[in-house]
Amino acid sequence: MLPNTRPEWAALQKHYEATKGAHLRDLFAADSARGTRLTAEAVGIYLDYSKNRITDETLKLLFALAEASDLKGRTAAMFGGEKINITEGRAVLHTALRAPRGATVTVDGKNVVPEVHAVLDAMGAFADRVRSGEWTGHTGKPIKNVVNIGIGGSDLGPVMANEALRNYAQRNLNFRFLSNVDGTDFAETVRDLDPAETLFIVCSKTFTTQETMTNAESARQWSLATLKDTSSVAKHFVAVSTNAAEVTKFGIDTANMFGFWDWVGGRYSMDSAVGLSTMLALGSEQFAELLSGFRAMDEHFRTAPLAQNLPAIMGLLSVWYGSFYGAETVAVLPYDQYLKRFPAYLQQLTMESNGKRVTLGGDAVTYQTGSVYWGEPGTNGQHSFYQLIHQGTKLIPCDFIAFCKSLNPVGRHHDLLMANVFAQAEALAFGKTAEQCRAEKVPEPLVPHKTFPGNRPSNVLLVDKLTPFALGSLVALYEHIVFTQGVIWNIGSFDQWGVELGKALASKIVPELESASAPDLKHDTSTNALITRYRAGKK
Ligand code: F6P
């Protein structure tokens, strides 16, 4: 069903028309408790959502929409292993990846938790051997460099976690991430590495992804060019995949393969074997802390009432802006340098999940779905794109993420950093009026330029310290925000058919670029001309 045919949606539409002119200045002035009342706290995350363009009535209506959409029931279905990814006939069980040992999560009549822990144990044992130097390369040298070869969900989570948790990593291991099929990525990744000290993790759920397999093949050739002996592959290549047959075909011993399952979506897989590079960096104990952060947020999302439920509140607020205010984007602004790849990670999580134009039933939607997620760490972003958020013509809801304690306390740095978070959220909400400008003796012609309209919404997420646990809880928070949005919009958040057409067309074009004789081109005239020009240009 189209959710905008629900009476709860109509009530929100009416409420939007009645309240869209309200200013945060007035909402705060009318309620001295607003800044502490419109907050929620769970799993070590304090969420201040008071600077949103909402009233108590808005929340009531959003919660009513969530209930009418059966958010609770759909959540139970996901956690219970029902095949909610209907276009692929799959369960969606990334939550089982962090289920405690001894729990039961059943898929097709089978408890998957023992297998999850068997893989975690194998990853931990392997990581111990590499980290201690017991696992040596073909010539007997210990491993110094780990290169994860993967793309999309097999890259973005591991890259993000590697950056985010660098403070906790074993520093004598050097991690690199090779994703792009552009030969430059390969060349620059291996440029200064010694093959005898380099371990490649070929990370691909399907083990058929063109970019990953091309990079893996080039890595094997590069490695063998020095090590000479094909038996060295077993010491320098391991695989993360669901496809044992293709792993064997590539020449990797399946004893060195870390598996996962079709009920783990690529963009939801950083806590599966896809996190092998993270396990190598952190070791099994700290990886377990990461998982417990995920698990704690899962439990919160599954059990907390809507009014205290962080992912539900944030998911519903993004629906409010996206579908009612027509906001097209959400800016995620972490005030922590270690989280510099967090927005890039969220782009796949949010946009591959909810970039959908039909409902689960296949009807074209008549409302806005998935927002464009983007962002950069603060304070850098302040000196680049914040101007548009403050004074541009677009409404851009922001999520600020900040930590009370710095992992690198240096002089005044952390207070300065945090002062900027609070100042930005304050400036966005309250702005600066023309009267305030005049009181400051701003010359009249400059008053319009120096006026800030304010009323620009934001959430502030305040966490004690960036730890493996905190990272797990933050990632799970956004996973469940995405789920909440998908349930309200009644779309399939767990498939990604939209990436297929380009892949199919590229496979068709490859031989047309590589053939020695001029191919018979049957594309549109633009594509034909571009291919012809490229063939001439590359000679
Ligand atoms: O092309 C999109 C995609 O299928 C993503 O969903 C996935 O994360 C990525 O490709 C990589 O896939 P694989 O892990 O199978 O190589």
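**Reading a ligand site and some backbone angles**

Modeller: A polar side-chain atom of glutamine 348 lies 3.2 Å from an oxygen atom of the ligand, and such a polar contact is a pair of N or O atoms within 3.5 Å. The model is predicted, so local features need pLDDT of at least 70 and side-chain atom pairs count only at pLDDT 80 or more, while totals for chains, interfaces and linings use all residues. Residues are numbered from 1 along each chain as its sequence is written, and side-chain values use heavy atoms, with hydrogens and water left out.

Biologist: Which of the 14 residues around the ligand come nearest?

Modeller: They are Gly153, Ser154, Ser204, Thr206 and Thr209, where being near requires a heavy atom within 4 Å.

Biologist: Where does a cis peptide bond occur?

Modeller: Most peptide bonds are trans, and most residues other than glycine have a negative phi. Here a cis bond joins glycine 378 and threonine 379, with omega about 10 degrees, and threonine 379 is found in the loop between strand E11 (372-374) and helix H16 (386-391). Helices (at least four residues) and strands (at least two) are DSSP runs, numbered from the N terminus.

Biologist: What is the phi of aspartate 70, and what is that of lysine 228?

Modeller: Aspartate 70 has a positive phi near 60 degrees, and lysine 228, which is not a glycine either, has a positive phi of about 65 degrees. Aspartate 70 lies in the loop between helix H4 (56-68) and helix H5 (71-79), whereas lysine 228 lies in the loop between helix H9 (210-227) and helix H10 (233-236).

Biologist: Why does lysine 228 count as exposed?

Modeller: Buried means under 20% relative accessible area, exposed over 50%, and partly exposed in between. Lysine 228 counts as exposed because its relative accessibility is 65%, while aspartate 70 is partly exposed because its value is 40%. Asparagine 408, in the loop between strand E12 (398-403) and helix H17 (413-430), is likewise partly exposed, because its relative accessible area is 42%.

Conventions. A polar contact is a pair of N or O atoms within 3.5 Å; within protein, one must be able to donate a hydrogen and the other to accept it, and residues adjacent in sequence count only if both atoms are side-chain atoms. Buried means under 20% relative accessible area, exposed over 50%, partly exposed in between (1.4 Å probe, protein chains only).
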